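Subject: Structure handover

Hi,

Here is the structure you asked for. My notes follow below it.

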Amino acid sequence: MASSREDVYATLLLNDFYLPGALVLAHSLRDTGTTRKLAVLYTADGVSTDALAELKKLFDYIIPVERIVNDTPANLHLMDRPDLHSTFTKITLWRQLQFRRIVYVDADMVAIRAPDELFDLPHAFSAAPDIGWPDIFNTGLMVLNPNMGDYYALLGMAQRGISFDGADQGLLNMYFRPTYNRLSFTYNVTPSAHYQYLPAYRHFQSSISMGHFIGPSKPWTQGREAHKSFTPYDEMVGRWWAVYDRHYRESAFQYHVKGEFKPVDIIISSPETTEAEQTISQALPMRPTIEQPLHEAPELSKVTEIHDPPVQEVAEREPEPRFESQSESQSQPQTEAEHQYSAWDASSRAPPPVDSKPEAQNFPATHYDMSFDPTPFKAPERYPDPPKDMYYEVPKTPTYQKPTPIFPWEKDAPKATRVFPEDKLEELDESLKDVVVSARPENEDEKSPEITTATVNPTPMEPWRAFPHANAWDDIPEIERYIGNLKKNRRGNVQVLHGTSSTVQQAPNEPSTTQIQGTKLTDFPTELERPSLPVTPAPIRRPSFWGEERDEKGELPGAEGVPSQEDWDPSVQLEQLARRQSEVLATKLGQDIEPPRQIPLRPLLFGSEQITSPTYTAQHPPTSGKAAEPAPTQSVEELGGKAVEPAPIQSMEEPSYKGPSAAWEKEEAVLAQETPAPPSEEEKDVLET
Ligand SMILES: O=c1ccn([C@@H]2O[C@H](COP(=O)(O)OP(=O)(O)O[C@H]3O[C@H](CO)[C@@H](O)[C@H](O)[C@H]3O)[C@@H](O)[C@H]2O)c(=O)[nH]1
Ligand SMILES: [Mn+2]
């Protein structure tokens, strides 16, 4: 029964970096006359829409597939190809059941002759041998029949990371090697820069169907200039470039191909640019060429590098547009594109160098690759001890050196000491004592009337007394006379006492001082000479206020003329005071005045009824509670025998205060505030009239 399913050549694209390879492969198959359709399996997370657009132009089937990643890529690192972490995705070929047979071809292969006969092989799985050791097949070209049995088996292995090299080749060899159909090496010729076997190449070269650029370097990553010799490898690379040039040399597809990138602005500025190029280059996003060897550039960092324009490439490709001064540019007609670069106004200053390059062109660029090492970080058993003695150690011997003296006075400088005023006063006190003693006559009684300088014996608290109260000009007679006249003419009641007054008495406790002689402007009146001022006298300090003056009970003595606390009833006293005042007023004004009202009695605050004054002994029974009842007053005798007639007690008006009083104290529900009720109809009538 003939199968209705198609046969296809299929390749795999995991990201944009292999796009040139996939396109060249497809073209090479078409160019060499394949009758089969072309399919590309791609992972949507790695292939851009621009790349897809290019693929769609060429491939018959664009098939998105799930990326299958090797989670244990240690072997890939051993192989130095960590970039192959996702080549397990190749096993999705087996689930493309819409196809009867797939001739899978790596994107880094080029067809020299389309191997369509492979579709007619009777074997379920065929592959060509890998070069060298070990005896395995290379998975760059495989002839397979999709089926889910193999797919799940391979997927299971992939999920468990079963692959001796960590990539698809290791996995597929482990699965198919015992049964695979070994194809001729000519279906997958893998010359490398290291091993080319030139004689064999020369002999068998005409039978080669497919070339395969294994390893990290691919033709499009090395540039067309890299391999121009006649070695088998370089000839194969030349084949790849021949296909590329046939289809893309003049087209807009330059990105991801080393040396082929043409930035948009340069295309526009070049007068030779074709109209087609201009249109396409404007439509396409700017794409640089990859610069790094693929095996060193992991996927993520590659993606970032897309946006990093390779400036050197730009410089290589097209001559730099030259800045021209305006005077220069005026001489010849310009295209519009050229005019963009002629905005340089150099008329006032020197023009920039003729061959100047764009700014920052030579800035160093460093790319850091992301680590793909999946081994989790393990902290070392022990970290080095922190350094000791990290604190500042104060030097044991002081490092300060007194600077050598420069000025003469520095050498004999007196030693600085701290001086307290008390010490100074004591010193002064002592020295003044000596002065006074020496100034006094031998016999104390023979006082000399001639002493004009006041010598005093100051106490430490009165240091100013140590100074003579005289000025140098005090003894000049003219000045003295003048002052005398001034004082004569002086008016007002300011009392000016003359220092000559012999009537000034000395306070008994004053220290013996000699009176200052003469009329001195600067004489300071003594305490007795000064007019007394109506100020509150300073309290006299008793020898011991809290000590000896207390009686045996520890009570302070009562003040003179003040009755004892026991005899003092404030309310009676207050009443008496009021009465006396009324009497005085009555006699003075000669009028009859109302007798004083008695202080109304109020109910005591709740709870305080029992409280009595600790000192006052009630002379009459308490009168709480009856405000209307006249309160008894104290008898005259009780008030110190003074003849004060008690006034007749009149009844008092009710107080206007209507507060809560004792009721409030009892926490009864007394309204503190209330909203007044609206006026009644009668009230309204009254109010409105
Ligand atoms: O970044 C990548 C890497 C790989 N591929 C695809 O995967 C294929 C395999 O990668 P490749 O660089 O061609 O590997 P080789 O250098 O050819 O290395 C060998 O080892 C690989 C891993 O086992 C096998 O897949 C190859 O067939 C085998 O030739 C490529 O052709 C592409 O189709 C991408 O699309 N993007
Ligand atoms: Mn390959």
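Which residues does Arg224 touch, not counting residues up to four places away in sequence? They are Trp241, Tyr244, Asp245, Arg249 and Glu260. Contact here means heavy atoms within 4.5 Å.

First, the ground rules. This is a predicted model, in which local features need pLDDT of at least 70, side-chain atom pairs count only at pLDDT 80 or more, and totals for chains, interfaces and linings use all residues. Residues are numbered from 1 along each chain as its sequence is written, chains are lettered from A and ligands numbered from 1 in the order in which they are written, and side-chain values use heavy atoms, with hydrogens and water left out.

**Arg224**

Arg224 sits in the loop between helix H7 (219-222) and helix H8 (232-248). Helices (H or I, at least four residues) and strands (E, at least two) are DSSP runs, numbered from the N terminus. Arg224 is buried, at a relative accessible area of 16%. Buried means under 20% relative accessible area, exposed over 50%, and partly exposed in between (1.4 Å probe, protein chains only). The side chains of Arg224 and Asp245 are joined by a polar contact of 2.6 Å. A polar contact is a pair of N or O atoms within 3.5 Å; within protein, one must be able to donate a hydrogen and the other to accept it, and residues adjacent in sequence count only if both atoms are side-chain atoms.

**Overall**

The protein has 20 helices and 9 strands. Of its 689 residues, 33% are buried. Among contacts with a separation of 6 or more, 68% are between residues 24 or more positions apart. The accessible surface is about 47,100 Å², and 56% of it belongs to carbon and sulfur atoms. Those areas come from the Shrake-Rupley method with a 1.4 Å probe; for residues, only the protein chains shown count as cover.

**Manganese ion (ligand 2)**

Asp106 (OD), Asp108 (OD), Asp108 (OD) and His212 (NE2) coordinate the manganese ion at 2.2 to 2.3 Å. Donors are N, O and S atoms within 2.8 Å of the metal (3.2 Å for Na, K and Ca); water is not among the atoms, so sites may look incomplete. The donor residues are spaced D-x1-D-x103-H in sequence. Asp106 lies in the loop between strand S4 (99-105) and strand S5 (109-111), and His212 in strand S9 (residues 210-212), so the pair ties together parts that are 106 residues apart in sequence. Asp106 is buried, with a relative accessible area of 14%. His212 is buried too, at 2%.

**Ligand 1**

Ligand 1 is surrounded by 25 residues, with Leu12, Leu14, Tyr18, Asp108 and Asp168 the closest. Near means that a heavy atom of the residue lies within 4 Å. Oxygen atoms of ligand 1 lie 2.5 Å from a side-chain N or O atom of Tyr18 and 2.8 Å from one of Lys90. Gly140 brings a backbone N or O atom to 3.2 Å from an oxygen atom of ligand 1. On its own, ligand 1 has 640 Å² of accessible area, and the protein covers 97% of that.

Strand S1 (6-13), strand S7 (137-144) and helix H5 (168-176) each supply at least two residues of the shell. S7 gives the largest share, 3 residues.

**Helix H5**

H5 is mostly covered, with 7 of its 9 residues buried. Among them are Asp168, Gln169 and Phe176. The buried residues of H5 pack against strand S6 (125-129), S7 and helix H4 (148-159).

Best wishes
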